[in-house]
Structure formats: structure tokens, C-alpha cells
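Here are my notes for your first look at this one. Have the viewer open while you read.

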Amino acid sequence: MIAVYFYGFDLSYFVFVLPAVVIALIAQIKVSSTFKKYSSVPSDGGMTGADAARLVLQRNGVDGVNIVPIKGNLTDNFDPRDNVIRLSETVYGAKTAAAVGVAAHEAGHAVQYARGYAPMRLRSAIIPATKVGSTLALPLILIGIIFSWRPLALAGVFLFGFSVLFQLVTLPVEFNASRRAVASLEESGKLSEGGIRASRQVLSAAAMTYVAALLVSLGNMLRLILIVSGRRK
Ligand SMILES: [Zn+2]
């Protein structure tokens, strides 16, 4: 972040980054309020989050995935290393429409992993490059600019590109997990139309945060390109 602060709030920040940050904030507020809203709506037949995850796994013929509780709020995740679905306190044992949606989504990731879903594999494959990129990109750009060594600054911009690519590949992974989740819940016949609609709304609010994250990194990328190319003399 050094370079960003170093150059302060110039015009390119207002044009490329700020709008995306505002969209990301709105998306975050929307996901919290949607989750809160459907956390007060009882699930169909008293289904808990853990039940919903189990149902999605069963309907897709996926076994060997553990479903365990985890502390915190909206900390739900699927961890492919341990092949485990971790559900937060407001999801695991909660009999709410919100819990069903979130848990089914995480189970959707477990199904992707079991099936070797290509975008998920690509996403895991680029994680190391993304980590290196996000650590080195801004220092390289800053050093490149200070010493007027453009190839170094460009290498930094290139490395930053990996985090944009990561956010981009995240989109199909997230949308597909939700699609699998809602389809499995629907086909199970255990949810009412209202229950399905609630799950869909919780998950599309969550999906917006990933779109917003992509916009933020795209905005930063454009800004870095401008900063580097504007200093060629
Ligand atoms: Zn997800």
C-alpha cells in the first residue's frame, strides 16, 4: 500500500478506485443486512445450516466431508486441505433461512472440489503467485519510480495483475457454488418456494461482494498503470 499512500489522493484515485471502494462498502452493508433479515426467518421444517450442507453433499453423492462449527460471524468456509466445511455460530445449528443459504453455498464448494471443477483448481493454482504478487508489487513499483527504472515498476504492475486475475477467477467459483447450492435445495423438495427465494437472496447479496472486490483491484490496477506510465520521462 506504500505507493498508494505515497502518491496520496490524486485524481486517478477518485476516478478509478474510490467508486469501486464505495460499491464494495455498499455490497458489504447489503450482505450483512440481507443475512440479518433472513436470520429472523425460520427455515423450512426446522432445517439447520449443518442439515442444509449435509443435504447438498448427499444430493451430489459427495462423502467424506466433515461439517464442523467455527467461531465468529460470517466466517463460514470450505477448506479443501482438510476437506471440511466450517460453519459459524449463526449458521451451524441455526434453524434460519439465512443459515440454510450460507451452509448450502459452502457445501457447493465441497461439491466443486470433489468434482475437480476447473475454475476452482485454477484458483488454487494461482494462490502462490497471488501471494508473491501482492507482497512485491507495490514495493517494486515504488523503487522503480524512485530510481526511474521503468522495467522494475512495470514488473510490479505485472505482479499486481495476479491479484486481479485471482479476483476474476473467484467469480465463477462463487457463482457456481451458489448455483449448485440452490439447485440441490430445490431438487430436494424439502424447501418451500419462499425458502428457496430466501437462499437465493442471501447468496446473490454475497456474490455482489466478490464483484465489488474485482472492481476494486481493477481500479487499483488501472491507477498503477497510469502512475507508472505517467513517469516515463
Ligand atoms: Zn463461497
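1. Ground rules first. This is a predicted model, where local features need pLDDT of at least 70, side-chain atom pairs count only at pLDDT 80 or more, and totals for chains, interfaces and linings use all residues. Residues are numbered from 1 along each chain as its sequence is written, and side-chain values use heavy atoms, with hydrogens and water left out.

2. Start with β3 (84-88); strands here are DSSP runs of E with at least two residues, and helices are runs of H or I with at least four, numbered from the N terminus. On one side of the pairing list is β1 (residues 66-70), which runs parallel to β3 and is joined to it by 5 bridges. Ile-70, for instance, has Ser-88 as its bridge partner in β3. Two strands count as paired if DSSP finds at least two bridges between them.

3. β2 (residues 77-79) also pairs with β3, this time antiparallel, over 3 bridges. Here Phe-78 is partnered with Ile-85. The hairpin of β2 and β3 has 4 residues between the strands, and Asn-83 takes a positive phi near 50 degrees there.

4. Why call β3 largely enclosed by the rest of the structure? Because 4 of its 5 residues are buried, where buried means under 20% relative accessible area, exposed over 50% and partly exposed in between (1.4 Å probe, protein chains only).

5. Next, look at α4 (97-115). This helix is mostly covered, with 16 of its 19 residues buried. Just after α4, Gly-116 takes a positive phi of about 65 degrees.

6. Which residues hold the zinc ion's protein donors? They are His-105 (NE2), His-109 (NE2) and Glu-174 (OE), lying 2.0 Å from the ion. The site links distant parts of the chain: His-105 sits in helix α4 and Glu-174 in helix α6 (residues 150-188), 69 residues apart. Both His-105 and Glu-174 are buried. Donors are N, O and S atoms within 2.8 Å of the metal (3.2 Å for Na, K and Ca), and water is not among the atoms, so sites may look incomplete.

7. Finally, check Thr-96, in the loop between β3 and α4. Thr-96 is buried, with a relative accessible area of 11%. Leaving aside residues up to four places away in sequence, Thr-96 touches Tyr-38, Ser-39, Val-41, Pro-42, Ser-43 and Met-47; contact means heavy atoms within 4.5 Å.
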